[in-house]
Amino acid sequence: MRLLANGVETTAVIEGSQSIDVKPRIEGYLQRIAFQPGQWVEEGTVLFEIDSREYRARLAQANATALAQQASLSNATTELARQEQLFAGQATTQRDLDRARDAKSEAQASVAAARAQAQGYALDVEFCTIKAPFSGRISRQTVDVGSYVSPSQTLGTLVNIDLPWNPSR
């Protein structure tokens, strides 16, 4: 690029103030490329979409598991209350009461684990949509629709040139 500074013409290179390689956080088949090479994109603009069906199925299964674990917790809570009443009336042993407490604690842990797994799968579903982390010019994609992509792959490059006047917009 040629610049004029104080009446003197000079050659210059302008580098982006921000530049990233756009990479997926999950693996899967690329379903859509949502930009034209060289296009200016705003922060949050969808750039790529990965097929999310597998991840949505995993999320649905994890949510069902969480519901089943919640039902087990409800049953364990009811059983503990029953054992506490029986123990107060001296109709059960300390051992049965302790087992009921342990069963409730295990059920609580199972619910927490199932919910955490569902949250992880929800993130995977979210990661199927790759958005621009900042405004800038997106390069040509390095893969085509239908390609299997993974986190080690660069899908394109996003560059922002931070100038008071931005000729790229």
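Reader: What makes Val22 count as buried in this predicted model?

Author: Val22 has a relative accessible area of 5%, and since buried means under 20% relative accessible area, Val22 is therefore called buried. Val22 is found in strand E3, which covers residues 18-22.

Reader: Which residues does Val22 touch, leaving out residues up to four places away in sequence?

Author: With that exclusion, Val22 touches Leu47, Phe48, Ile130, Ile138, Gln153, Thr154, Leu155, Gly156 and Leu158, where a contact requires heavy atoms within 4.5 Å. One of these, Leu155, lies 133 residues apart from Val22 along the chain, and the C-alpha atoms of the two are separated by 5.5 Å.

Reader: What is the place of Val22 in the largest nonpolar core?

Author: The largest nonpolar core has 23 residues, and Val22 is among those with the most contacts inside it, together with Leu47, Phe48, Ile50, Ile138 and Leu158. Strand E6 (46-50), helix H1 (53-88) and helix H2 (94-127) each supply at least two residues of this core.

Reader: How do you know that H1 and H2 are roughly antiparallel to each other?

Author: The two helices pack at an angle of about 165°, with their axes 8 Å apart; angles over 145 degrees count as roughly antiparallel, and H1 and H2 are therefore given that description. The residues of the contact of H1 with H2 divide into 18 nonpolar, 11 polar and 9 charged.

Reader: Which handedness does the crossing of H1 and H2 have?

Author: The crossing of H1 and H2 is left-handed.

Reader: Why is Ser110 called partly exposed?

Author: Ser110, which is found in helix H2, has a relative accessible area of 28%; because partly exposed covers what lies between under 20% for buried and over 50% for exposed, Ser110 is placed in that class. Between the C-alpha atoms of Ser110 and Thr65, which are 45 residues apart along the chain, the separation is 9.4 Å.

Reader: How do you know which accessibility class Gln117 belongs to?

Author: The relative accessibility of Gln117 is 42%, and as buried means under 20% and exposed over 50%, with partly exposed in between, Gln117 counts as partly exposed.

Reader: How many helices and strands does the protein chain have, and which pattern do they follow along the sequence?

Author: The protein chain has 2 helices and 10 strands, and, read along the sequence, its pattern is β-β-β-β-β-β-α-α-β-β-β-β.

Reader: What percentage of the residues of the protein chain count as buried, and what percentage of the contacts with a separation of 6 or more join residues 24 or more positions apart?

Author: Of the 169 residues of the protein chain, 28% count as buried. Among the contacts with a separation of 6 or more, 73% are accounted for by residues 24 or more positions apart.

Note on methods. Residues numbered from 1 in each chain as written. Predicted model: local features only at pLDDT ≥ 70, side-chain atom pairs only at ≥ 80, totals over all residues. Heavy atoms only, no water. Core = buried A, V, L, I, M, F, W, Y, C linked by side-chain atoms within 4.5 Å. Buried < 20%, exposed > 50% of the residue type's maximum accessible area, 1.4 Å probe, protein only. Helix = DSSP H or I, 4+ residues; strand = E, 2+ residues; numbered from the N terminus. Axes fitted to C-alpha atoms, helices over the stretch in contact; angles between N-to-C directions. Parallel < 35°, antiparallel > 145°, perpendicular 65-115°, else oblique. Left-handed = near helix turned anticlockwise from the far one by under 90°. Nonpolar A, V, L, I, M, F, W, Y, C, P; charged D, E, K, R; others polar.
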